Amino acid sequence: MEVVPHGGGDGGGGGDGSGNKMGTLLENFMRSQRSSLRSLFQRKKPGAEDDADSPRPLPFLSPVANSVVSRCSRILKVSTEELCHHFDEEIPESARQPSVNARNFVEFCSYKAMNVATKAPDYLGDKEFRRLTFDMMLAWESPDVASEVLAKEKNTGKEAEDGDGWSLFYTASTTMAVQVDNKKTAGIDAFARIAPACAAIADVITVKNLFYALTGSSCNQLHFLLYDKYLRSLDKVIKAVKSVSGPTFANLQLAEGEIILDIDGTVPLQPVLQHIGISAWPGRLTLTSYALYFESLGVGVYDKAVRYDLATDMKQVLKPELTGPLGARLFDRAVMYKSASVLEPVYMEFPELKGSSRRDYWLDICLEVLRAHRFARKNNFREIQRAEIIARAILGIFRYRAIREAFNIFPSNYKTILPYNLAESLPGGDVILETLASRLEPVKVDVPCHDDSGSPFTKQKKIPSPVSVLVLYRLGFILLKEIKLDIDLVAVGDVCVAEINPFETALKNSILDTGRAEAAQASVDQVKVEGIDTNAAVMKELLFPVIALASRLQSLASWEDALKSIVFLGVVCYTIHRGWIQYVFPVIFVSLALVMLWRRYFNRGKSLEAFRVTPPPNRNAVEQLLTLQDAISQVEALIQAANIVLLKIRALLFAVVPQATDRVALLLIIMAVVFAFIPPRYLILLAFVEVFTREMPLRKESSNRWLRRMREWWIRIPAAPVQLIKTDDKKNK
């Protein structure tokens, strides 16, 4: 069928020409945009037109490893053959064995390229950098053809298992995106070897906890979408910190090299309240690398900032605390700050409708800064080493903020991504800090010599450099202005090719102990009971053997059965006279050890039966308050009696009653002579016989008369005077 356009022949010819021209333009446009449209869905691959300039693939590497090595060679501006040559020169022969050669070569190229790529000021915002670092992890997992085949079989099996559960209807967009990008994932070992090469991305101490935080919703497999989201959030946090400056924060009067880490209280719906005594005031809270600053909110402006130091040794205490109006302890959402520089504790309250996540976050980051400075003071480091310690804490806080803002999770305790908090919470964390201290000892800032070509393979000593300080310097944060850092300095950090990091051994041992500590803590949480009466009943049942033994001894001392008491008295006196009393405690300890070993051998594999306790009858709130009041009254009476005894002793020492003082002085002289000339075992024997035979029928009347005279003498001694001086409390309102 032929369609004839309206109009004359010339018009038809012009229509054909314009149509051909539009078709040609459309075809050229589609060709030019084809690569960019493809890059939206798959990784960029070198085209045929780049074959002449692309590095030659190495036969012992897998395709993904060849892709990473080729991109590293472009960054380093050397050929892959030269990379192989430098690898053979710098890496020992033991690390170039066929079984590990490919993986170590990928590590070598990745570390070299990452050191060069991170010299750019905005490398975290570069998607090519983010894609390259993720591909480095994939190449580390599949460095050669054999390992790549195994990885493909593993992914295929995983897809077959998850195929029936596929659904596009998810509440979280990240979860759906992860299933779409399920083909290529990185494991924890690859992440732990590649990510710490860039100190901004991960710390070698907390890298595994960071991996678990990123992969909590993806079965411990890191997808590029999650990794990319984390790095974009980290880049956003760093840029936000860099933008905090100007007259808005002029009240803080920051010291040189002091960096603002986070700010809270600027949103009216999420204020920060400072409690001192019974007064409370809203304001803005700022954490820096050296202190906390609180600015009270005045009439439209902030008042002068109050500084709470975290750097110097002032016996600071930071812990979670309860707060409320007029000093009432109602809400668990505050941080208490106490030090020698403040007269009374200061409470920073973070109000929120549900939970205490804001408080927990601020407590974690404040403790991280405090513990970093304590670690620096404890080891008496030089200035550059102290700066490296603080820089490591700063980068950890940046990563913590990025995880919190991107994924809304708050890893803490054993799972925290803050290095100094982790070392404090882990069993054996002191070993981690000792390892860190040994790594910091040789840290220097001496700039190595570079050749004219600027090659990254210039021969230089492998002296550890202040990596964290250098990373912050490249990102635009200057901690030490008097020390000049070369931006082209080759950073020698905590990760090296084909070497097991000393932190890995320390962390491995700590993590093994952590599992047992968590299980033990879970059992502790299960057996906690509420109520004074219930806890007293549990304690009474647990101490039943001791109570029964004490009751038996009391029965013997009261001479209810004279024969048993005489036999016990004779045995103990003979033991003391023969000098066997020193073996009593060793015999008890050995007996307990034998019982424990016997239980361990015969009860192997058997679970411990629950300890049964009969709780007291339930009481209502009024009865519990009355019980508490009675207990407090008893404690108060005990304290008063102890004070009276101390005051009467003071009166005797200062001869308020001369006759009583003379008698006490004479008694002390006699006791001194006795202790000087009589052997201790006879003194012990005499004391035991005197105490044990008080209730003996032959001595009972005389003993009671003697105790009565002693009580009457003690009552006649007055107490030394006491004067209570009230101080004027001047509290800031």
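Predicted model: local features only at pLDDT ≥ 70, side-chain atom pairs only at ≥ 80, totals over all residues.
Residues are numbered from 1 along each chain as its sequence is written, and side-chain values use heavy atoms, with hydrogens and water left out.

View A. Strand 6 (residues 291-296) has 6 of its 6 residues buried, so it is largely enclosed by the rest of the structure; buried means under 20% relative accessible area, exposed over 50%, and partly exposed in between, with a 1.4 Å probe and protein chains only. Helices (H or I, at least four residues) and strands (E, at least two) are DSSP runs, numbered from the N terminus. Ala 291, Tyr 293 and Glu 295 are buried on one side of strand 6, and Leu 292, Phe 294 and Ser 296 on the other. Strand 5 (residues 279-288) pairs with strand 6 in the antiparallel sense over 5 bridges, where pairing requires that DSSP finds at least two bridges between two strands. These two strands form a hairpin with 2 residues between them, and Arg 284 stands opposite Glu 295. Strand 7 (residues 306-309) runs antiparallel to strand 6 and is joined to it by 4 bridges, with Asp 309 as the bridge partner of Ala 291.

**View B. Two aromatic pairs.** The whole structure holds 24 aromatic pairs, in which ring centres of Phe, Tyr and Trp (its six-membered ring) lie within 6.5 Å, planes under 30 degrees apart counting as stacked, over 60 as edge-to-face and the rest as tilted. The rings of Tyr 308 and Tyr 337 have centres 5.2 Å apart and planes at 55 degrees, so this pair is tilted. Because Tyr 308 lies in strand 7 and Tyr 337 in strand 9 (residues 331-338), the pair ties together parts that are 29 residues apart in sequence. Both Tyr 308 and Tyr 337 are buried. Phe 350 and Trp 362 form a stacked pair, at 5.9 Å centre to centre with 20 degrees between the planes. Phe 350 and Trp 362 are likewise both buried.

View C. Ser 356 lies in the loop between strand 10 (346-349) and helix 11 (357-378), and is buried at a relative accessible area of 16%. Beyond its neighbours within four places in sequence, Ser 356 is in contact (heavy atoms within 4.5 Å) with Asp 332 and Arg 333.
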